[in-house]
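Here is a friendly note to read alongside the model. Please keep the sequence and the 3D view open as you go through the points.

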Amino acid sequence: RFGGEDVTLTALQAVLRTGGGVENKDFTRQVEGIELGSGEEFDGRPITFEATIDLTSITVNEVEAFIEGESPSSRVCEDFDIIRFTTGVALPPNVPTRSPSSPPFRSPFPTPDADDTACGVQAVIDCEVLSGGGRLSCFNIPLPRNRQCSSGGFPAQLEFIYVGGSCTDNVRDCDGRATRERVFITIVSERGNLLLSRSIEQGDLIPLVGIDEFMTVTISTLEFDDSGVPINGDEIQKFEMETSCERSSDLILNERFASFRLNRFVTEDLEWNAVLTDIKITYSVQLQFSNPISAEINRAVSQSGTSSDEVTVSYPGPFPLIGPRDRYVFDTATFRANLLDEDEDKDYIFNLAIQAESRRGNECESIEELLFTID
């Protein structure tokens with residue numbers, strides 16, 4: 001680090017891309033909770049991993065590392081680094097001679113036939129936790145440790161779901177009833193922090209930061225100005241609620257607060273507890289790094305879901321020609337996992353199979369699989 005606030009590390013991930021595919025590594029558990037002061041560097045045990053690389057052909061390899069941390073003021077910071085290196089390049093033979101000899105003009109190893117290696121595509125599956133506040137990957141989604149925020153102080157984050165409804169006993173100065181599917185919501189904290197001011201639909205997740213003792217929620221009809229920008233209309237419900245992590249505030253997961261339902265809270269020490277979390281899966285294709293020959297996709301099929309409920313999708317063509325710098329996205333799907341439902345299958349499986357043909361007429365295929373369990 002070269003300055004700035006103190007930071008607590010929250011995630012470290014790496015991706016190795018070789019001619020043989022993509023390998024994901026998650027080192028979050030090894031760095032999570034490590035604190036670094038301004039100007040300090042991590043001087044612990046080096047974090048390493050082993051990989052097998054085919055040396056019989058020239059391959060461009062890439063290692064990408066992504067690190068993330070959070071400051072005491074709940075600011076999320078991140079950085080990444082990439083290193084590329086080539087393997088399979090033959091070295092001159094190390095033959096002892098009495099006098100120095102010139103290296104050979106040609107490699108002593110056979111050169112792969114370009115016509116035999118002229119087709120190479122890579123199926124790619126990306127997974128992103130949308131409601132993790134930037135702190136989670138799909139491989140470290142925790143089940144809630146606590147149902148109530150009672151650790152003291154103020155939560156680093158709160159997240160509600162707009163469900164609509166009447167007033168409840170756990171809020172104060174409540175008036176009105178919100179039943180519309182689309183509304184405009186304004187939320188202001190006790191100390192005057194504007195936490196939210198935008199249009200919301202029923203079922204939307206509402207993440208909040210900058211929380212203090214109380215907040216005032218105003219729900220209005222949704223109107224639009226002359227430029228089509230959403231604005232608040234007539235007030236239909238207004239209430240106040242306590243938002244500290246004290247038992248008196250009753251910040252309990254899945255509890256209703258008038259038209260809101262509490263979905264997630266993050267304590268001051270960054271303990272993450274949630275009911276529902278949104279996860280986005282993206283299926284795409286690109287050329288292998290070692291292959292510069294454009295290819296045409298003939299067939300693409302994905303399987304997604306849990307071990308007990310998989311859905312198969314075959315993507316219709318025609319698909320564009322994939323060049324060295326191209327990445328074509330077949331589909332993006334978002335699903336919502338219920339972390340409190342003990343009966344819900346939490347073993348997730350995602351597959352993408354691709355068949356392609358290069359401009360030279362060579363056929364190739366790629367299969368990518370992504371597995372993770374929420375536990």
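1. To begin with a question: is cysteine 245 buried or exposed? Cysteine 245 counts as buried, at 0% relative accessibility. Here buried means under 20% relative accessible area, exposed means over 50%, and partly exposed lies in between (1.4 Å probe, protein chains only).

2. A word on the basis of this note. This is a predicted model, in which local features need pLDDT of at least 70 and side-chain atom pairs count only at pLDDT 80 or more, while totals for chains, interfaces and linings use all residues. Residues are numbered from 1 along each chain as its sequence is written, and side-chain values use heavy atoms, with hydrogens and water left out.

3. Now to the partner of cysteine 245. A disulfide (a pair of cysteine sulfur atoms within 2.5 Å) joins cysteine 245 to cysteine 149, with an S to S distance of 1.8 Å. The torsion about this S-S bond is about 55°, so the disulfide is right-handed. Cysteine 149 sits in the loop between β6 and β7, and cysteine 245 in the loop between β13 (230–242) and β14 (256–257), so the pair ties together parts that are 96 residues apart in sequence. Cysteine 149 is buried too, at 1% relative accessibility.

4. How many disulfides does a search of the whole structure find? The search finds 4. With bonded cysteines counted along the chain, they follow the pattern 1-8, 2-3, 4-7, 5-6.

5. Another of these links is formed by cysteine 127 and cysteine 138, whose sulfur atoms are 1.8 Å apart. This disulfide is left-handed, because the torsion about its S-S bond is about -90°. Cysteine 127 belongs to strand β6 (residues 121–129), and cysteine 138, 11 residues away, to the loop between β6 and β7 (157–162). Strands are DSSP runs (E, at least two residues), numbered from the N terminus. Cysteine 127 is partly exposed at 22% relative accessible area, whereas cysteine 138 is buried at 2%.

6. Cysteine 167 and cysteine 174 also form a disulfide, with sulfur atoms 2.0 Å apart. With -80° about the S-S bond, this link is left-handed. Cysteine 167 is partly exposed at 32% relative accessibility, and cysteine 174 is partly exposed at 23%.

7. Next, please look at the sheet. In what order do its strands run? The 5 strands form an open, antiparallel sheet in the order β8-β13-β12-β9-β10; two strands pair if DSSP finds at least two bridges between them. The edges are β8 (172–176) and β10 (194–201), each with a single partner strand, so one side of each has no neighbour in the sheet.

8. Within this sheet, β9 (residues 182–189) and β12 (residues 214–224) pair in the antiparallel sense over 7 bridges. Valine 188 stands opposite threonine 216 in β12. Serine 220 also lies in β12 and is buried, at 4% relative accessibility. Contact means heavy atoms within 4.5 Å; leaving aside neighbours within four places in sequence, serine 220 has such contacts with residues including Val183, Phe184, Asn232 and Ile236.

9. Finally, a stop at isoleucine 53, in the loop between β3 (35–36) and β4 (59–70). Isoleucine 53 is partly exposed, with a relative accessible area of 23%. Not counting residues up to four places away in sequence, isoleucine 53 touches Thr18, Asn61, Phe85 and Thr87.

Technical notes: Helices (H or I, at least four residues) and strands (E, at least two) are DSSP runs, numbered from the N terminus.
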